[in-house]
Amino acid sequence: MNPPPSRAARPPINNVFCVRPMRGETGDDAAFLAVRHALREAFGPLVNVMSLPARATGGLNRAGLTTRTVYEFNLFGHGVVLCGGSPLDHEAWLDLEPDALAGLEVPLLVAGLPRGFAPHELRALSDQTDTLLALDAGALDAMTRAGVPAALSGHPALFVERAIRRADPAHAPTPTPVLVCVREPRRTTLSGDLRRALPGRLRDLLRDLAARHGDVRLLCQSDGDRHLAASVSDVDYVSCEDVHDWHDQLDASDLTITFRVEAALASASLGVPFVHLSAGGDDRAALEAAGLGAWSIEIESCSDLGAAVAARVDDLPRLAERRLAAMDTWATLDRALSEAVRSFAARVSSARANDAQRPLADHAAVRQHLGAEPTSVQPALGDDAEE
């Protein structure tokens, strides 16, 4: 019987921190799931993917790309991934200190970055990586104007299908003729008047869909969506905190009407007929990157959502043609993401091979790091505790 291989001969396991939006949004989780799957394909089983919030909330200040997190990445990690958020101002979802990035000692991968970054921020990110991956054409244009290497990878949610664990058939959702994926009005870029009008317009749309298709169900991706869904008292809603449940609900739908671009992309990948209701050009940009931008209906310029959706549903054969035509674009986006992840994995492996000390933790530094902040938890005192 051969002896087991020595510890030194075993391939090392790589610690990869993934800085990502963690706002309770299933769409963000879908993007992360697709990126994590790509990482595991590139690294094989020799990777720990560890999530860290992109933005600090409450009392938590271990978040984003800041002096504190860069110190932790250098101490414990072998690579860092920034997984982009929805196409809104990055200050809404990411804590970023450009000067801190200069101290990052491990490879960085930037995937699915939306627009909204200043040129000096893009250059600070680019200094630590090969190529920035853009969420949409607007983000790619900003990167090009900043003079940094960039490629269009699209929204990772387009590729979530390959990363999904299949549900037990006994727990599969009931098939739904029409699934309406809603969106909390204040999370849109609509004007104040249009945001206030959105619940009423949703009720009108649901009445039209029920008259035309029968059973209609709502799908919520976040806590805020539930408040909107609850205001429509005669329509049931499904609240999905888990991305696998969200995917299964979309897969069980005969038709999805979605205010959420992530649900539109996942539906396109699944081959489920869908209609996307866009709250502005930024909202539609991810679909445009996937070659399906023309299938969006602009809420701002549409006076009758029910009629517009009915026209799209009547024209669904054209969606099937557009989807087939877009597959070459999907393959290009997929290659951009896959090649960037493979390059990142190679840089991580090279960095570890060239630094014999990197796999070994600096235990003194670890103890100092863990003891740097006193706890704020106060022990509970019993009635007989001493004064």
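**A loop residue and the strand beside it**

Mentor: Start with I299. Leaving aside neighbours within four places in sequence, I299 is in contact with L190, L198, R201, F259, L277, S278 and A279. Contact means heavy atoms within 4.5 Å. This is a predicted model: local features need pLDDT of at least 70, side-chain atom pairs count only at pLDDT 80 or more, and totals for chains, interfaces and linings use all residues. Residues are numbered from 1 along each chain as its sequence is written, and side-chain values use heavy atoms, with hydrogens and water left out.

I299 sits in the loop between strand 12 and helix 11 (305–314). Helices (H or I, at least four residues) and strands (E, at least two) are DSSP runs, numbered from the N terminus. I299 counts as buried because its relative accessibility is 1%. Buried means under 20% relative accessible area, exposed over 50%, and partly exposed in between (1.4 Å probe, protein chains only). One of its contacts is L190. I299 and L190 are 109 residues apart along the chain, yet 8.6 Å separates their C-alpha atoms.

Two of the contacts, L277 and S278, belong to strand 11. Look there next. Strand 11 covers residues 274–278, and five of its five residues are buried. F274, H276 and S278 point one way, while V275 and L277 point the other. In a regular strand the side chains alternate between the two faces of the sheet.

Strand 11 has partners. Two strands pair if DSSP finds at least two bridges between them. Strand 10 (residues 256–258) runs parallel to strand 11, with three bridges joining the two. Within that pairing, T258 has H276 as its bridge partner. Strand 12 (residues 296–298) also pairs with strand 11 in the parallel sense, over three bridges. Here L277 stands opposite I297.

Now follow the chain. Strand 10, helix 9 (residues 261–270) and strand 11 make a right-handed β-α-β unit. From strand 11 the chain crosses through helix 10 (residues 281–289) to strand 12, again as a right-handed β-α-β crossover. Right-handed means that, with the strands pointing away from the viewer, the path from the first strand over the helix to the second runs clockwise.

Stay with helix 10. Its buried residues are D283, A285, A286, L287 and A289. They pack against strand 6 (150–152), helix 9, strand 11, strand 12 and helix 12 (316–354). Just after helix 10, G291 takes a positive phi of about 80°.

Back to L277. In the largest nonpolar core, which has 46 residues, V180, I257, L277 and V309 touch the most other members. A nonpolar core is a set of buried Ala, Val, Leu, Ile, Met, Phe, Trp, Tyr and Cys residues joined through side-chain atoms within 4.5 Å. Take V180. Apart from neighbours within four places in sequence, V180 is in contact with residues including L202, L206, L219, I257 and F259. A second, separate core has 30 residues, among them F17, V106, L122 and A124. Nonpolar side chains tend to be buried together in soluble globular proteins.

Rings of Phe, Tyr and Trp (its six-membered ring) pair if their centres lie within 6.5 Å; planes under 30 degrees apart count as stacked, over 60 as edge-to-face and the rest as tilted. By this rule there are three aromatic pairs. The F17 and F73 rings have centres 5.0 Å apart and planes at 45°, so this pair is tilted. F17 lies in strand 1 (residues 14–20) and F73 in helix 2 (residues 67–76), so the pair ties together parts that are 56 residues apart in sequence. Both F17 and F73 are buried. W93 and F117 form an edge-to-face pair, 6.4 Å centre to centre with 70° between the planes.

Finally, step back. The chain has 13 helices and 12 strands. Of its 387 residues, 51% count as buried. Among contacts between residues at least 6 apart in sequence, 66% join residues at least 24 apart.
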